[in-house]
Amino acid sequence: MPALEYQRYANVSIGPGTVIEPGCVIGHPPRGRADGELETIIGAGCTIRSGTVIYAGARLGDRVQTGHHALIREDNEIGDGTSIGTNAVLEAGNRIGAGCRIHSGCFLELVTLGDEVFVGPNVVFTDDPHPPCPRYAECKRGAIVENRARLGANSTLLPGVRVGSGALVGAGSLVAADVPPGTVAAGNPARAIKAVAELSCGAGLYARPYAWLEEQ
């Protein structure tokens with residue numbers, strides 16, 4: 001098999017040990033930009049799986065992984081060790097911390113994630129309170145999710161909301177207001193139910209959920 005079976009544009013930097021599978025597109029210029037005008041950086045030890053498209057101006061840290069057919073647009077910054085699932089779409093302007101898990105089918109734009117944030121399958125972040133407003137980027141922008149928060153599958157976060165550190169959002173929830181740190185919130189709209197520290201492990205494997213974090 002030839003060493004290079006993906007499309008690579010100009011001004012792309014790829015770190016040692018990174019594997020880019022066939023069928024990827026790396027450094028695609030955004031609309032209005034010339035080939036090579038923006039630098040694209042992919043760190044060391046990454047795995048970029050087939051079908052992934054990474055636009056020029058994206059910056060990926062070390063050991064980042066993508067699933068098949070992930071899309072990462074320009075002006076994305078992705079921290080070390082983060083995983084981006086199959087068919088996930090990262091539109092422009094996201095700031096993603098280290099060690100995050102963004103599952104398959106997620107949609108993010110102008111979102112800020114702290115470190116070790118868990119984003120379940122098909123989570124949607126919105127960024128425009130009154131679509132399609134031509135000045136949405138000057139408005140509330142995307143959501144902010146702090147360190148080690150967890151977002152259940154199929155939840156939706158409205159523009160400008162903040163999910164505090166260590167919070168847990170239940171699957172299928174609509175987050176229309178801030179979620180305090182360490183809080184379990186669920187429903188449509190999501191409301192605080194209890195503290196994460198009050199949760200129990202139904203299988204009896206741990207004293208309580210997330211107790212394993214105290215061992216790290």
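Ground rules to start. Residue numbers run from 1 along each chain as its sequence is written, and side-chain values use heavy atoms, with hydrogens and water left out. The model is predicted, so to speak of confidence: local features need pLDDT of at least 70, side-chain atom pairs count only at pLDDT 80 or more, and totals for chains, interfaces and linings use all residues.

Strands, then. Strands here are DSSP runs of E with at least two residues, and helices are runs of H or I with at least four; both are numbered from the N terminus. Two strands pair if DSSP finds at least two bridges between them.

Look at the open sheet. It has eight strands, in the order β2-β5-β8-β11-β14-β17-β20-β23, and the pairing is parallel. Which strands stand at the edges? β2 (12-14) and β23 (162-163) do, each with a single partner strand, so one side of each is left without a neighbour in the sheet. Zoom in on the β23 end. Strand β20, residues 144-145, pairs with β23 in the parallel sense over two bridges. There, V145 stands opposite V163.

Now to β4. Strand β1 (residues 7-8) pairs with strand β4 (residues 25-28), parallel, over two bridges. Q7 stands opposite V25 in that pair. β4 is also joined to strand β7 (residues 53-55), by three bridges, again running parallel. In that pairing, H28 faces Y55 in β7.

Strand β24 (residues 168-169) pairs with strand β26 (residues 183-187) in the parallel sense, with two bridges. V169 stands opposite A185 in β26. β26 is joined to β27 as well, by five bridges, and those two run antiparallel. V184 has K194 in β27 as its bridge partner. β26 and β27 form a hairpin, with two residues between them.

Next slide: N94. This residue is in the loop between β13 (89-90) and β14 (95-96). Buried or exposed? N94 counts as buried, at 0% relative accessibility. The cut-offs: buried is under 20% relative accessible area, exposed is over 50%, partly exposed is in between, with a 1.4 Å probe and protein chains only.

What does the N94 side chain do with its polar atoms? One lies 3.2 Å from the backbone nitrogen of L110. The backbone nitrogen of V111 also has a polar atom of that side chain at 2.9 Å. A polar contact is a pair of N or O atoms within 3.5 Å; within protein, one must be able to donate a hydrogen and the other to accept it, and residues adjacent in sequence count only if both atoms are side-chain atoms. Leaving aside residues up to four places away in sequence, N94 touches D75, N76, E77, L108, E109, L110 and V111. Contact there means heavy atoms within 4.5 Å.

On to charges. The structure holds nine salt bridges. A salt bridge is a side-chain nitrogen of Lys or Arg within 4 Å of a carboxyl oxygen of Asp or Glu.

E77, from the N94 contact list, is in one of them. The side chains of E77 and R95 meet at 3.8 Å, N to O. This pair links distant parts of the chain: E77 is in strand β11 (residues 77-78), R95 is in strand β14, and they are 18 residues apart. E77 is partly exposed at 37%. R95 is partly exposed too, at 29%.

R73 and E74 make another, at 3.0 Å, N to O. E74 is buried, with a relative accessible area of 18%. R73, E74 and E91 are linked in a network of salt bridges.

Then E138 with R135: the closest N and O atoms are 2.7 Å apart. E138 is exposed at 57%. R135 is exposed at 53%.

Last item, the surface. L205, Y206 and W212 make a nonpolar patch of about 320 Å². Patches are made of residues with over 30% relative accessible area and no salt bridge; like charges are joined within 9 Å, nonpolar side chains (Val, Leu, Ile, Met, Phe, Trp, Tyr) within 5 Å. Areas come from the Shrake-Rupley method with a 1.4 Å probe, and for residues only the protein chains shown count as cover. W212 sits in the segment after β27 (190-195). W212 is partly exposed, with a relative accessible area of 30%.
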